[in-house]
Structures are given as C-alpha cells and as structure tokens.
Amino acid sequence: FITWDISPVLFHVGNISIRWYGVLFALSFILGYFILKKMFEKEQVPVGYLDKLSLYVFLGLLIGLRLGHCLFYEPSYYLARPWEIILPFQFPNGFFDFASWKFTGFQGLASHGGAIGLLFSIYLYQRATRLPYLWVLDRLVIIVAMGGLFIRLGNLMNSEIYGHVTSLPWGFIFVRAGEVLPKHPTQLYEGISYFLLSLGLLYYYYKKSGKPKEGVIFGTFLSVLFLLRFIIEFFKENQVEFEQNMTLNMGQILSIPFIIIGIVILVFAFSGKLKSQQLDLKKLKPLKENSKKK
C-alpha cells in the first residue's frame, strides 16, 4: 500500500498558508488560457474576447463551485453562517476581532455547482459578445475537463474525497485524515479519467480542422464526464452524514440530469436538429479600445 502523509500546505506567507489546492487550481486556469488562445487564434477570433471570457469563467466557476457545496451538501451550516460562504476566513473570537481572523480559503467546492455557474456565466458572456453559446462551450469544456485533473490532484494533496477500504496494491493510507486502512484513491480515478476525456475531445476538435459538428463536444463532455463521476462515486466514501441512508449519494443524484442533457444534445447534434448559430466574426460586439490593443 501507499502511505500518504503529504502536507496540504505548500508554503506560508506570513499568517497565510498557500495550499497545493489553490496553486493547482490557478495552474489549471493558466494552462487552459494558453490552450484556448491557440483555438481562438486558429479560428481568427481576437484574443481580447478570450481575455473577457477568462473573467466570466473564473467568476462563474468560483461562485458556482462555492454555492454548490454550501447549498447541496451543507445547507444548514452555511445558512446559519452566510458570511462563511463568501469570505475565506473563520472568526473564532467574533467578526470584529480582526486579529483572530483565520484564513482558511474556500473549504468546500462542488463540481455540479461549478457546472451550473459555468453555463450561466457563458450565457452572460454570449450576450456581451455575441459569440455563439455552443461555439464557446464546445471549446471551453475541453480545458474544463483537463482542469478536473488539477482539482482532483488538489483533493489528493488535501487527503480528502477518497474511497472505501481496498485490498488493491495502489490503495492509499491517508495518514493526515486519521485513516489506518488503505482506501481507493478516487481522486486519481477521477482526475485521470477527466484528463483522458479532455485529450479525446481535443483530438476530435483538431481532427475536424477546428470546425467540429456543433454541440458534439459539449454533449460528449456532459454525458461522459458525469457518467464517469456517477460510476466512481460507488467507490467513494460519503461526503456528508445525510448520505448514509441514501441509495445514491448526492454526487450521483446531481450527475443524472447532466448525463441526460448531454445525451439529448448529442442526439440533436447528430440528427441535425440542433438550432444554433455559426461563428460570424462580423456580428461580434466590438471590444473596448484597451482590449483591442491587447
């Protein structure tokens, strides 16, 4: 077995702890930006539109991830402490005792909430730029799937979201979580699966010379990624107490609608019934002057 006793903290800056999770989260955005930049350049979309997209994606994902965890998994706790939803601090001696504030980061993010936040933020982005909704999603979800690898590696460094006891030789004993028996490293199961999905979608994108059938990549992403999530959840320990008596846990229940939506999009895309807009650079809303200079 593998004894896992890695500190979740990479280094300290004063009283603030810089954790592996946050660094990996940031790296996923940086790598994703450069991959999308290549796509935008390939299809002659000005890079300023990508800069704007990055802001929408960052805010949509962060808000969705956070609200998803707070409302789906621990609603009673966070509705009683709503300030902890938006502030990455704990206040052991009260809010106004600033010296006692403890930086914790946002401990608790849910991928299903992130998906909802992403879809809504891209809707707002489409209205602001007139870039076609599905055109954006077909390219964006490739790097979102790749980002799933970084997020799950962050969970591994935090010794969290692992699986049931296993006798397999790659079982991890998560020492910092107080475990003494080897558990399924479901963080790696998910991360590697998402990364392979991302490579497959990227291959399809370039195989079609940058003009894949609209909606196919997005539909495949939804159906395959959340099907993988649904299956891997069988190997995971429950995240919250109320899941103990449930046939399917919360992660599986929330995955089902995304799987169905993905399949429906694929059926419509391959049947030619998917009504969508083709990319037309002449119809885009002009960027502000400072964005054009970039």
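1. A salt bridge here is a side-chain nitrogen of Lys or Arg within 4 Å of a carboxyl oxygen of Asp or Glu. By that definition, E237 and K183 form a salt bridge through their side chains, at 2.5 Å, N to O. The pair links distant parts of the chain, 54 residues apart: E237 is in the loop between α8 (216-232) and α9 (250-271), and K183 in the loop between β6 (172-174) and α7. Helices (H or I, at least four residues) and strands (E, at least two) are DSSP runs, numbered from the N terminus.

2. On the basis of the note: this is a predicted model, where local features need pLDDT of at least 70, side-chain atom pairs count only at pLDDT 80 or more, and totals for chains, interfaces and linings use all residues. Residues are numbered from 1 along each chain as its sequence is written, and side-chain values use heavy atoms, with hydrogens and water left out.

3. Buried means under 20% relative accessible area, exposed over 50%, and partly exposed in between (1.4 Å probe, protein chains only). K183 is buried, at 3%. E237 is partly exposed, at 25% relative accessibility.

4. The structure holds eight salt bridges. Another of them joins the side chains of R152 and E190, at 3.3 Å, N to O. R152 sits in helix α6 (residues 133-157) and E190 in helix α7 (residues 186-207), so this pair ties together parts 38 residues apart in sequence. R152 counts as buried at 10% relative accessibility. E190 is buried at 0%.

5. E190 has a further partner. Its side chain meets that of K236 in a salt bridge of 2.5 Å, N to O. E190 belongs to helix α7 and K236 to the loop between α8 and α9, so the pair ties together parts 46 residues apart in sequence. Both residues are buried. Salt bridges that share partners join R152, E190, R229, E233 and K236 into one network.

6. Helix packing. The axes of α6 and α7 come within 8 Å and cross at roughly 160°. Axes are lines fitted to C-alpha atoms, for helices over the stretch in contact, with angles from 0 to 180 degrees between N-to-C directions. That makes α6 roughly antiparallel to α7 (angles over 145 degrees).

7. Contact means heavy atoms within 4.5 Å. Residues making the α6 and α7 contact include R139 and R152 of α6, and E190 of α7. The contact residues divide into 14 nonpolar, five polar and three charged.

Notes
Angles under 35 degrees count as roughly parallel, over 145 as roughly antiparallel, 65 to 115 as roughly perpendicular and the rest as oblique. Ala, Val, Leu, Ile, Met, Phe, Trp, Tyr, Cys and Pro count as nonpolar, Asp, Glu, Lys and Arg as charged, and the others, Gly among them, as polar.
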